[in-house]
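Trainee: Before we look at this model, I would like to learn how to read its features one by one.

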Amino acid sequence: MAQAGSVYPPLEDRPVKETICLFDVDETLTPARRAASPQMLQLLSALRHKCAIGYVGGSDLIKQQEQLGTPAINVTSLFDFCFAENGLTAFRLGQPLASASFIGWLGEDKYKQMVNFCLRYISEIDCPVKRGTFVEFRNGMINISPIGRNATVQERQDYNKFDEEHKIREKFVAALKEKFPDFGLTFSIGGQISFDVFPTGWDKTYCLQHLEHEKEISGVNYKTIHFFGDKTHKGGNDYEIYEDSRTVGHAVNGPEDTMKAVRELFAL
């Protein structure tokens, strides 16, 4: 997949007019927390010649670089729009856009109350294994994992099956909603081992404001926004943007399914 954005037509000259494809990352473009395949990157490059492309994920930019970029190629050069942390950290054509801060919004005292509660709750969860990084602080949210984000790929897969049976994350989210009903937070289960916590309204629909501003920059008014994601059910971290009236939602079941849908939609 080419690195330089200049090899693609300018946004206003893409053949499929006023159209962008937005993709979730885990289990949409890549297997969970693993790298995108060469076939996926080649398909995205071909699609980028037809219309604008972007991704929106809950993880920070470092993780998305690991999954979508390479040591030699910056992920921000591979997409027209890169929306890390639901768009709270955002790039357009490789250049950063305005960002927002979770801790600045919530305040240190409330943040400490919630983190202390989470750590106590996690200490009482009985799951097959526990690793490290149970609460990960990000710019626009926090990510909470009962098993710990340092789990291996196999441990993640095993935990995911355990969670599907015992509803650990679902019960954890219910406990947080009961404990902090007035904090104005949304809890969104995604991936295999964790869930995100962010201010209500800072879900993946947050990134759409950046696309709305594009008409002021290049004159492009994105009237058709295709979104591809796997966690599109209520409570999943793709649900809000999938259901949003501004998008055309496509529910997929893994990267192969995403490639199939894109090929059919754009005759690639």
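Trainee: What do the labels and values rest on?

Mentor: The model is predicted: local features need pLDDT of at least 70 and side-chain atom pairs pLDDT 80 or more, while totals for chains, interfaces and linings use all residues. Residues are numbered from 1 along each chain as its sequence is written, and side-chain values use heavy atoms, without hydrogens and water. Helices (H or I, at least four residues) and strands (E, at least two) are DSSP runs, numbered from the N terminus.

Trainee: At what angle do the axes of α4 and α6 cross?

Mentor: Axes are lines fitted to C-alpha atoms, for helices over the stretch in contact, with angles from 0 to 180 degrees between N-to-C directions. For α4 (residues 108–123) and α6 (residues 168–179), the axes cross at roughly 140° and come within 11 Å.

Trainee: In what order do the strands of the open sheet lie?

Mentor: Two strands pair if DSSP finds at least two bridges between them. Seven strands give the order β5-β4-β3-β2-β1-β10-β11, with mixed pairing. β5 (95–96) and β11 (248–251) are at the edges with a single partner strand each, so one side of each has no neighbour in the sheet. Inside that order, β1 (residues 19–23) and β2 (residues 52–56) pair in the parallel sense over four bridges, and I20 stands opposite A52 in β2. Helix α10 (residues 255–266) lies across β1, β10 (224–229) and β11, at about 155° to β10.

Trainee: Which residues lie nearest the centre of the largest pocket?

Mentor: On a 1 Å grid over the protein atoms alone, a pocket is an open set of points with protein on both sides within 12 Å along at least five of seven lines, a cavity is a set where a 1.4 Å probe fits but cannot get out, and lining residues have an atom within 4 Å of a point. I189, H233, K234, G235 and G236 lie nearest the centre of the largest pocket, among 20 lining residues. By class, that lining has four nonpolar, seven polar and nine charged residues.

Notes: Ala, Val, Leu, Ile, Met, Phe, Trp, Tyr, Cys and Pro count as nonpolar, Asp, Glu, Lys and Arg as charged, and the others, Gly among them, as polar. Contact means heavy atoms within 4.5 Å.
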